[in-house]
Every structure is written in structure tokens, then in C-alpha cells.
Amino acid sequence: MEGPQSISLVLLLFLLLPLGPTGHAAAQRCPQTCVCDNSRRHVSCRHQNLTEVPSAIPELTQRLDLQGNMLKVIPPAAFQDLPYLTHLDLRHCQVELVAEGAFRGLGRLLLLNLASNRLSVLPQEALDGLGSLRRLSLEGNMLEELRPGTFGALGALATLNLAHNALVYLPSMAFQGLMRTRWLQLAHNALSVLAPEALAGLPALRRLSLHHNELQALPGATLSQARGLARLELGHNPFTYAGEEDGLALPSLRELILDHAALQALDPRAFAHCPRLHTLDLRGNQLDTLPPLQGPGQLRRLRLQGNPLWCGCQALPLLEWLARARVRSEGACRGPRRVRGEALDALRPADLRCPGDPAEDEEEELPAARPRAPPGARKEEDGAAGPCPRACVCASESRHSGCEGRGLQAVPRGFPNDTQLLDLRQNHFPLVPRAAFPGLGHLVSLHLQHCAIAELEAGALAGLGSLLYLYLSDNQLSGLSAAALEGAPSLGYLYLERNRFVQVPGTALRALPRLFSLHLQDNAVDHLAPGDLAGMQALRWLYLSGNRITLVSPGALGPAPELEKLHLDRNQLREVPTGALQGLPALLELQLSGNPLRALQDGAFRPVGRSLQHLFLNSSGLEQISPGAFSGLGPQLQSLHLQKNQLQALPALPGLSQLELVDLSGNPFHCDCRLLPLHRWLTGLNLRVGATCAAPPSARGQRVKAAVALFEACPSWASRKAKRTPSARRSRMKGRRRGADKVRKERGRL
């Protein structure tokens, strides 16, 4: 019997052994700086100051989170030992270079997040080997160009996010190979030119986001390459006109967003070749009238809020068309007086004053006539465009002129009269003199970055009535006068980053009644005084990051009824400027990260509690947060950023019921009974928050949410359980008895 017994014993031992050394190591090893969840095959190495990808990550890992490190370079085959990865997060890793073949071997990867890094270029084969990738995020980098073929290996990609980069031009076939991409995000770049075939090779594209760029005219021919588009977002571009000649032909288009551009006129057949168009968004433009639109027979919603609509007799064709086509319109009349403020949808043709009606002199209120021709069609009295200055390039087709980096010592003159974008970056003229841009009444975008400008003389912008974008970043300005800006009353975007301002030029800014976005990052402003931003009724975005602000006085910011974004990060604030938040009823995003706050007091954000959606308090040295610090913040709050602080404890936040993102990573939480309320709150959230224990030593690295054993010994844990158990049981039993008695009585009646 010894033979068979020996064989059985050997077989048993063989079955009990692991499949091999690789399987054993994969189950056991974990880098010291990471947290490994082997059951879910997740590894997190967030905010550990890593300079390279850890080498001991389990081979079977499917999700790897490396965000918040200092990788700088992703070398070739950096993840070749992790063939099962499906999700890779490399956000905020200071990545400057992705080498060719960096991701080879990741054939199963579905999501790659490279957002918020420092990439200025992508090598031709940087993304090779990612044949299964579905989502790629490159948002918030410094990309200035895309090379054809860069995305050629991503045949399964569904979503590509290139928003918040520095792209100025899209070449032909830029997205060749993206056969399954449905959403392309290109918002918040500096795109002014799209090659005719820039969007060729995107047969599955359904949504295109191009808002917040510098497109001077509707690139209809280019956009029409993506014939399957259902949603097109073109808002916040300096269009002044849209017509049939722009060539927009999108047979599947359902939603067209053209909000907050500079539209002054619309041709009746501008969208004649978009037969399925259902929603047209024209909010926040400069339209005083609108013709009946021909072609989009399925149009049902027309958004016109924020336009200076004139509801005199000339609006009669519009009202009749809206009624006949059953289009629901949204917007209000600016005049005449009798109907000012009336909803367009509530007006009837009989409400208008037309010739032959009872007299009412409204002529003095009629808006000034505006051109109704395309921007490129000059009137005879304008004369021919002037010759292009020496050392400059003037493109008549795009109406762009430029003399970038030519060593010019003075602002050149003699540009074509129809110029819409003028690029004078990287020259050297310390003074911009009076009437520096004669004959440029059509100019929409003016680039004066890196020109060593120290002063704008009074009247420097005279005659620039159409100017919407003014770039004065990276100069030596320490002040601005109202007289210097008076010639540009339509200015909406003013860029003053990296100058020498020690205070907000409030008096000058009041000469800009339509200012929408103000950029004053990385100056030397040390305080905001009452009235600094008074009168800025149209301001929506205010960027004051990277200054030296120690005080924001009450009344310094408001009333600002339209302000949506306020960035005060990387300053020297020692407390939340609660009093200054009064009068900001529309504030959606508050950025306070990188200030030495240390503590948050009760009601710190109460003045903006009804509107605030995104709150950034990361890297603020926070050591203490009062239980009522977030009181007043309600279900509107969607994201709360508290990462990389010094919090050992944090109260529960039960009032924040609709949070979609909470980041508590990088805090040294002490997992004792003081943290029990937070543990309970986190347990009820279906979110990954990144909170881990730093103490006691036995719990180091454990997730606060999952550390049940640590909190079971707390007295309140047992008391809560006791409260839940006997009494709850008794009440449930009583309820059941009452229910049973009621049923018996009903049966007795029957």
C-alpha cells in the first residue's frame, strides 16, 4: 500500500502548492509607498513624490493610480510587466515627455488619464500598443500642435479629451485612425485655423466641443467632414456673422451651441443644410434681430437670452415664423420701452407697433444699424485693404496678420482693414502709443504677449470697437488707465498674467462694461480693497492665482451678479474671506488651494452655499476643520478637494448629499475614535475618497472607509449598535403585530 499512498501524498502536496513563483509573488508583493487591494486588483500610489513607476507592482493589477507624483518622463515600456492593466491614472505627475513605445504591452488598457501634466508634444509612436483603449484624457497640458498619425493606433477609442491645451492649428488628418471616436473635446485652446480636412477620418464622431477658442469665422467646410455629428459646441468664439457661404452641412446635427460669441448678424440660410437641427443656442451674443431661418425644418428650441433683441416692427417676420414653425423661443426684449423685458415667446404680432398703428415715437430708441454682410465683404467706402507691413504675414483668406518674434521696436502699421486677428507676440515695444492700430475696426483678437510693454498710452486702443480678446500677458505693466482701454468697449477677455500689478486696476476696468473674463494670475497684488471690482456687472470668471494676497476685504468682489469662477489659489490668505463672498449669488467654483489657511471656521462658505458646485482647498496646510465649516453648502456641491493637507481628523459631512467627487488623499488621518463619524459618513458614500490611516502604526496605509476593526472598539460604535438593535427590533415586532391584527380584522369583515 506504500506505493499508492506515496503517489496520493505527492499529488496532494502538488495541488496545495501555488501555481508557480510568479503567481505567489503577484499575490504578495506591493511597493512600500503604495496601497494594494489584491482582491480587486487595484493599486494606489497617489501623492508619494515618486520619480519613476514602482517596480514591485503585482503583475495581475488591473487599476493603477499614480496621480500626484513627479514622474516627469514616461520611458519606453514603462508598464511592460503589467499586461492586465485596464485603468491607468497619471494625472498631476509633472510629465513633460512620453517616450515612443511608453505604453507598449498594455493591450488590455481601457482608460488612460494624462490630464494636468506638462506635455507640449506627443511623439509619433507615443501611444502605440493601446489597441483596446476607449478613453484618453490629455486635458490641461501644454500641447501646441498635433502631428498626423499621433492617434493612429487607437482604433477602439471612444472619447478623446484635448481641452485646456495651447493648440492654435489643426492640420489635415490630425485624427486619422480614430474610427470609433464619438466625442472629441477641443475646448479651451487657442484654435484659430482648422485645415479643410482636419476632421477627416472620424466616421463615428457624434459630439465635437470647440467652445472657448479663437475661431474668427464658422469653419463650415471643415466641420462638414464629420457628417455624423449630432451635437456641435462652438460657443465663446469671436464669430461676428454666420451665413450659408460658410458651408456648414451636417445632415445629422441635432444641437448647435453658439452662445457667448460676438454674433451681430445671421443669414436666413446659415443652417439650411442642417435639416435635423432641433436646438439652436444663441445666448449672450449681440443680435438685435433675427430673420426667419430657412432649412432646419425640425427646429423646436431657440435660445436667445442675453441678446439686445429689438421688438419693434422689424421683429414681425420673426414672430410669425416662430408661431408657424412651432419653435419655442427663450429670450426677452431690450426695447422699445413698451415691451422692454417682455419674453419673446409671450409676444404676438399685434403687440408690435408698425406703420399705420397708433402713433408712438420710438425712433430715438432704435438701435444703431449694424452691418448685415459677412465680415469679409468690405463696403466700397472702406476701400481696398492696405498693404501688409514689411516683416509681417497677412493672410487674406483667414483675415489673420502676424509679425511674431520679428524683433520689432514699435507697433507696425498698414495692416489690411479687414484683419480680425493680429499677432504681435515676442517683439519689443515698451510703449503702445495713442491710436496704435488705425483702420482695424474689424479686429477681434489682439496678441501682445512677451513684448516688454510697460505702458499703454491714453487712446492706445482707439477705434477697436469689435475687439473681444486682448492678450497682454508676460509684459511689464504695473498699471492701466481707463483712457487706454476706452476704445475697446466690447472687450470680453483680458489677459494680464505675469505682469507687475500690485493692485487690481479697478478704475480702468470700469471702462469695459462687457468684460467677461479677467486674468491677473502671477502678479504682485497683495490685497483686494472695497470697490476694486465695483461695476463689473458682466464679469463671470476672475483669475487671481499666484499673487501675494493676504486680505480680501468685504465689498472687494461684489456685487458681481454673474461671477461664476473665482480663483484665489496660491496666495497668502490665512482665512477664508467669508465677508467678501457676499454678493456673489452665481458663484459655481471657488479655488482656494495653496493658501496657508490651517483652519476652517463655522459658516466659512455660507454666503455662496446656494450656488457653489466646486470647492478647492487642497494643499492649504489645513490642520483643523470646524464641524460647521461647511454649513450652508447644500446639495449643489459636486466636488470637494481636501487632499494634501495636514488633517488628522475630519467631522462627518452629512449635509453634502450630492457629492460626485471627494478627495481626502495625502492627509495623515489618525484612525481612533475621533474619526468614527467620518468613517460612518464615508461608508455611506459610493465614492473613492483616498483617505488612508497614518496612525496608529498598526493601521498605517489602511483605508479609513474599510478599517472597520479599528472602530469596533469605540464606545459609540457599541451604543449605536445597541440603539439600532433591541429597540428597533421591538418597534418592528410591534409594527408587525399591528399589521397582522389589521389583516385579521379585514378578513373577519369579509
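Predicted model: local features only at pLDDT ≥ 70, side-chain atom pairs only at ≥ 80, totals over all residues.
Let us begin with the nonpolar cores. The largest has 103 residues, and the members that touch the most others are Phe 437, Phe 605 and Phe 630. Helix 5 (482-485), helix 6 (506-509) and helix 7 (676-683) are the elements that give two or more residues to this core, and helix 7 provides the largest share, four residues. Looking beyond four places in sequence, Phe 437 touches Val 411, Leu 422, Leu 424, Val 432, Leu 446, Leu 448, Ala 460, Leu 461 and Leu 464. Apart from this core lies another, of 98 residues, whose members include Leu 90, Leu 191, Leu 234 and Ala 242. As background, nonpolar side chains in soluble globular proteins tend to be buried together.

Two loop residues are worth a visit. Leu 443 sits in the loop between strand 26 (431-432) and strand 27 (445-447), and it counts as buried because its relative accessibility is 0%. Among the residues Leu 443 touches, leaving out those up to four places away, are Thr 419, Leu 421, Leu 464 and Leu 467. Its C-alpha atom is 9.8 Å from that of Gln 216, a residue 227 positions away along the chain.

Asn 165 belongs to the loop between strand 9 (159-161) and strand 10 (169-170). With a relative accessible area of 9%, Asn 165 is buried too. A polar atom of the Asn 165 side chain lies 3.0 Å from the backbone nitrogen of Leu 143. Leu 143 is also one of the contacts of Asn 165 beyond four places in sequence, along with others including Leu 138, Gly 140, His 188 and Asn 189.

Now to the charged side chains: the whole structure holds 26 salt bridges. Three of them are set out here.

| Glu 244 | Arg 269 | 3.0 Å |

Glu 562 is partly exposed at 34% relative accessible area. Glu 244 is partly exposed at 28%, as is Arg 269 at 31%.

Notes: Residues numbered from 1 in each chain as written. Heavy atoms only, no water. Buried < 20%, exposed > 50% of the residue type's maximum accessible area, 1.4 Å probe, protein only. Polar contact = N/O pair within 3.5 Å; in protein donor to acceptor, adjacent residues only side chain to side chain. Contact = heavy atoms within 4.5 Å. Core = buried A, V, L, I, M, F, W, Y, C linked by side-chain atoms within 4.5 Å. Salt bridge = Lys/Arg side-chain N within 4 Å of Asp/Glu carboxyl O.
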